[in-house]
Amino acid sequence: MGSEWSYSTIADCASEEPFSTQIGPFGNKIKAEIYTPKGAPVLRGTNVNTNSRFNDADFVFIDQDYADSEFEKFTCKAGDVVLCHKGTLGKIGIIPKNSRFETYIMGNSMMKVRTDEKKLNSSFLYYWLCSFEGQDYLFSRVSQVGVPQIQRPLSTLREAEIPLPPLPEQKAIAHILGTLDDKIELNRRMNATLEGMAQALFKSWFVDFDPVIDNALATGNAIPDELAPRAEARKKALASDTTQQGSVDHPTLSDPKSLFPAAFEFTEELGWMPKGWELSTIGDECETVGGGTPSTKNPDFWDGGEYPWVTPKDFSSLQDKVLLSSSRFLTKEGLNKVSSGLLPIGTVLMSSRAPVGYLAITQIETAINQGFIAMICNGRLSPEYILQWANSRMDDIKQTSSGSTFAEISKKAFRPFRVIVPTDNALESYTNLVGSIYHRIASNLAESATLTSSRDALLPQLISGELRVDA
């Protein structure tokens, strides 16, 4: 530790405001029966996740007047450090200055600290609580009986002794780590926007058939009654902006409508679809396979493994529909026990149970366990198209799932799902456009992984004083 650093307790560095260190309401004071559609947002474990400093979404609400009268001491605001004391332990958050709401209400499992910023920088405290030293302090005081929870949570928090560099150095350390987190968060938001663009383009072109409707309107061809509402919406959209062609435009396409027909035809299986396009099944358009789990009791299958192997659990933490890595690896002997072997790059993976519906395109060769349906895109349809097709049909896929213990969809039930096959030009254009989107998403993910490694390496050294800011 730095020679001029000292230690102090969180209690001694807390703000002099009332309730600056506080545990959430006891018992069932906040319960589902009092939730309202809007009002005061309630902080839960989902808001202090491990992927960012604060998740400013996914709230439940309680009546604002009720919150003002009954929950004053449980109020949080920008700059407050918040953490879980039971259930999802180890999750730390800090409410940002540009938060969506002026105030928040702590849920039953939450605690907060509002620091005296003249003594302790709140971001420095956040990073100390995220560090190995801070996490070890909290987890060493967890009760092992029943639901995991910190014993004497508020006292434990207040009694924590933390290193206390001079305030300028606290701010400098928090700035260095925060800059890395800012870029990671920027990449996350950028990827969410890019994914939204890919989904919107697929829906416009291949679900709503906007460019076909536009062409039919322009040529005077009949619009099926079922598509009349969409046609009216297209008329209004085009009339309101004569310089653009609605949601089907893209800067790299001079005239996207030229890729599409100008009429519809009726099919018994699907109803109206663009004329000249084909109707097929996902089983006919790609190879669908499952995976397996070699015996975990046999070290020959796992120890020193070099072949990636993933499960749906790995997908639970994926923020984007791109797979760049795995947490476990198989040996050659282990890989031989998985019937589908090593799947190629560009395979679309869909979790088929526990739960149904995780999706990703592989950017690595990987083996899978039995919880997936893998779609090997060796036919006419590209991985980008199949990924967005599966995403657009997910409600139907989940409804087809069955099982007494947990929902599951089999390959036999999945293969007959109908899929539209567009003309080569439309499909190629979509694949090129969305392929570039997923290339950017993958690049952002790779950059964020590097930044995360840098932050995690710097964090313990900076927080402990082993590495000084001027170095």
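**Terms and their grounds**

Reply: S8 counts as buried, at 14% relative accessibility. The model is predicted, so local features need pLDDT of at least 70 and side-chain atom pairs count only at pLDDT 80 or more, while totals for chains, interfaces and linings use all residues. Residues are numbered from 1 along each chain as its sequence is written, and side-chain values use heavy atoms, with hydrogens and water left out.

Me: Why is S8 called buried?

Reply: Buried means under 20% relative accessible area, exposed over 50%, and partly exposed in between (1.4 Å probe, protein chains only). S8 has 14% and therefore counts as buried. Leaving aside neighbours within four places in sequence, S8 is in contact (heavy atoms within 4.5 Å) with C13, A160, E161, I162 and L164.

Me: What makes C84 buried and C130 partly exposed?

Reply: The relative accessible area of C84 is 2%, so this residue is buried. C130 has 28% and is therefore partly exposed.

Me: What makes β2 and β8 edge strands?

Reply: Strands are DSSP runs (E, at least two residues; helices are H or I, at least four), numbered from the N terminus, and two strands pair if DSSP finds at least two bridges between them. The open sheet has four strands in the order β2-β10-β7-β8, with antiparallel pairing. β2 (21–23) and β8 (92–94) each have a single partner strand, so one side of each is left without a neighbour in the sheet.

Me: How do you know that β7 pairs with β8?

Reply: Three bridges join β7 (residues 81–84) to β8, and the two run antiparallel. In β8, I92 is the bridge partner of L83.

Me: Why is the pair of F54 and Y104 called edge-to-face?

Reply: Rings of Phe, Tyr and Trp (its six-membered ring) pair if their centres lie within 6.5 Å; planes under 30 degrees apart count as stacked, over 60 as edge-to-face and the rest as tilted. The centres of F54 and Y104 are 5.7 Å apart and their planes stand at 80 degrees, so the pair is edge-to-face.
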